[in-house]
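Look at the model first, then read on.

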Amino acid sequence: DVALCVVRQLAANLGIAQAAEPSSLSTDKEVLWCMEVICYGLSLPLSEHDTIRDCVNVYCEWLTALYSVPKLSVPRPVCEDPNLYARKMISHFHNLFVPRKGEGADTINRQAVLCHRVLRTLQHVSHHSVLMDRETWEVLLLFLLAINDTLLAPPTVKDDVGDQLCERVLSVLLEVWLVACTHHFPSPPLWKTLREMSMTWRHRMALVEQWNRVNLALTQRLLDFMYGPGFPELKILEEDSALIPPGMTNSCIAQCWFRFLHCIGNPVDLCRPTVISQTHKFLQFALTSETVVDPCQHPCLSVLPLNFLKAIKGIAGQVDAFLGIASQSLTWDTSELSEREKKDTHPPSHSPTPPPVRRLAKSFSVTPSAVTKGIPKASLIGLTSSRIHTSSAHTPVNSGPSSTSSATSMLSLGSEVRSPLAPARPKCNSILHLFGEWLFEAAQIGTELTKGGFREGTSKRPNSVMLDHSRKGSLSLSQPGSLSEDPLEAPSCLSIDRYQAGRAEAIGALCRIFCAKKTGEEILPVYYARFYLTLQQCLRQVEVSRECDECLACILVNSTDLLRLDLDGVQMLVPCIIDALEIVLPDKDLKLKSPSISKVELRRSAIHLLLSMLALPLHFQNLGIKELTPSQSQERSSLTFLQLKPRLMNLLINALQVEADPQNTQMLLGGLMLSVLDSALFEEMDQVTQPDVVSNETTSNLLSSDTMSCLSDTTTADDWDSA
């Protein structure tokens, strides 16, 4: 009753229902006593909504003391020492955000409305106050950290106050944090607290979305001052660009960029439910719940595969920005997520996914403003799909070359699918130093590289490649396991298959990095080794499954120039690449698991790889192909380049038989012509250098293939005459 009477009288002077009047509180003692009453009022049950609302209104009005011109109703002692009283009021607001147990949906909605009012007020104060000192800024940041931890650290429960405020409290925290960096840069303990707390919120999808949003906004500014206006601009929404205060210095931007990049820890932990659920709140829930035996069994963790995908897409988006690819006119849309991914993640009934009416977390679009007109902002929520140089979905199927000259046409083939890289882009080593460890680890989940003997008790660096002396010349990788090998530790909805979309994003980003190598540029051998091991494992898995999954599609689409660059030792991958092409090119009814990549563009990328290998057999001839890891097959261990010639010709003929796209067909015919000319020149040179040696067997096999012999057997002379 005391709280009701005091708060009602204070609220009457605010000017909400009637004209504002000067406050009757004239001493510090009176103000402090009233503030204790208001603090208690903010913790009342939600059934006392009117009293709580009045408490919120009083404090929101009193916080105008931090402005140059405070409201009339603000007590004189508060105006004389605004920072002292503001710190107390901000701390008292925490009581409002504490979830109340047993409340209905209607009362929870009312609580959320009041919380929104407080967040708007604090957000406005952070942007417009000129009186806040360092101590007040630290109290404000600690308050925002505390309410985020209170609301977000527990397991997700549908439609509770934490679920309703999730995106809002996160966006305000990160936005106010950036403003604080401009005025009073947060101390190292505050940054450490942000990182440690954020790692306990990783089961919330909004965290990953807001993390991507801030990272891309900072990356845009970072690229601008590092590489100048001539570097391709990273296109993001204007609302996201406004996150970075205009007065932030270049050194501050660089500091914030690196610190925010690492504030959620290792993103690959999102595919380890046992790691994500090892928090105090999850353990507490498991101890008090009758249905959840282990913390990693909580249903809300079923959203982790989608969180993992979004996090890897955010990292891949930054990689593309550094390469200069982000200048392309593309819009990334969540509708490009594969149907299988949507089905597999199937968030539970208490999913943290917000309803469409809430403010969605923004992500970047590399679309010019003219293209984004008419596109709803909600469609920009997702980060990149497989960035396939140009959007295959917008390429007409029958888009053959229009040039009347075949020579001119051949020169332009594939030019429209090449995304220009920035000439001033950083070296591959620099990008791999920043993102390589995460991308390699994400690309290797579920492979033999994560099931080795370095899982427990190892002190070796996780990104080191070690020489295995037990098998001479073999390489093994020191890498922590992604998912537990014990199937009882994680529910079936979090099996390794659910993370393949994120893994495909990672391997696609790695392919783009290595295909951006400049002539003469050096890449560290450890990166070569890890990249080749990763590609080999991905391609060998496809060889076993015999289907085109997301990983294979991303490898082919992002590696069209892989064999055209001077990458040290890349020829070791040729047999594995041919195995993959034998799955894609001869199949007329190829089924793709990734709807973001069209079949025409996938086949075109595969044809590019095939064409880049046609000259290898006669160039290297009997040179053996070294193995990256020992093979059980004696045939594979003694393979030479010349032995690949029949397989390449088979691929050419079989691909021609099923190809329906005019441009792809012309590329294949050009490859066939190249093979004929190459073989003829080889025979001519062979006769010149060894005129006395009859090599009928060798030369007759230069263009041999099983398909060609089969065609010759089944085609009659009448067929040729009629043709």
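Buried means under 20% relative accessible area. The model is predicted.

Q: How many of the 11 residues of helix 5 are buried?
A: Helix 5 spans residues 82-92. Its buried residues include Pro82, Tyr85 and Ile90. Also among them are Arg87 and His92. Helix 5 is mostly covered, and the number of buried residues is eight.

Q: Which helices do the buried residues of helix 5 pack against?
A: Met89 and Ala86 are among these buried residues. Contact here means heavy atoms within 4.5 Å. The partners are helix 2, helix 3, helix 4, helix 6, helix 7 and helix 8.

Q: Which helix gives the most to the lining of the second largest pocket?
A: This pocket has a volume of about 630 Å³. Helix 7, helix 8, helix 9 and helix 15 each give two or more residues to its lining. With four residues, the one that gives the most is helix 15.

Q: How many charged residues are in the lining of the second largest pocket?
A: The pocket is lined by 20 residues. Lys101 and Asp160 are among those nearest its centre. By class, eight lining residues are nonpolar and six are polar; the charged ones number six.

Q: Is His203 buried or exposed?
A: His203 sits in the loop between helix 10 and helix 11. Its side chain reaches the backbone oxygen of Pro154 at 2.9 Å. A polar atom of that side chain lies 3.2 Å from the backbone oxygen of Leu152. The relative accessible area of His203 is 0%, so His203 is buried.

Note on methods:
Residues are numbered from 1 along each chain as its sequence is written. This is a predicted model: local features need pLDDT of at least 70, side-chain atom pairs count only at pLDDT 80 or more; totals for chains, interfaces and linings use all residues. Side-chain values use heavy atoms; hydrogens and water are left out. Buried means under 20% relative accessible area, exposed over 50%, partly exposed in between (1.4 Å probe, protein chains only). On a 1 Å grid over the protein atoms alone, a cavity is a set of points where a 1.4 Å probe fits but cannot get out, and a pocket is an open set with protein on both sides within 12 Å along at least five of seven lines; lining residues have an atom within 4 Å of a point. Grid points are joined across faces, edges and corners, and a volume is the space filled by probe spheres set on the points. Ala, Val, Leu, Ile, Met, Phe, Trp, Tyr, Cys and Pro count as nonpolar, Asp, Glu, Lys and Arg as charged, and the others, Gly among them, as polar. A polar contact is a pair of N or O atoms within 3.5 Å; within protein, one must be able to donate a hydrogen and the other to accept it, and residues adjacent in sequence count only if both atoms are side-chain atoms.
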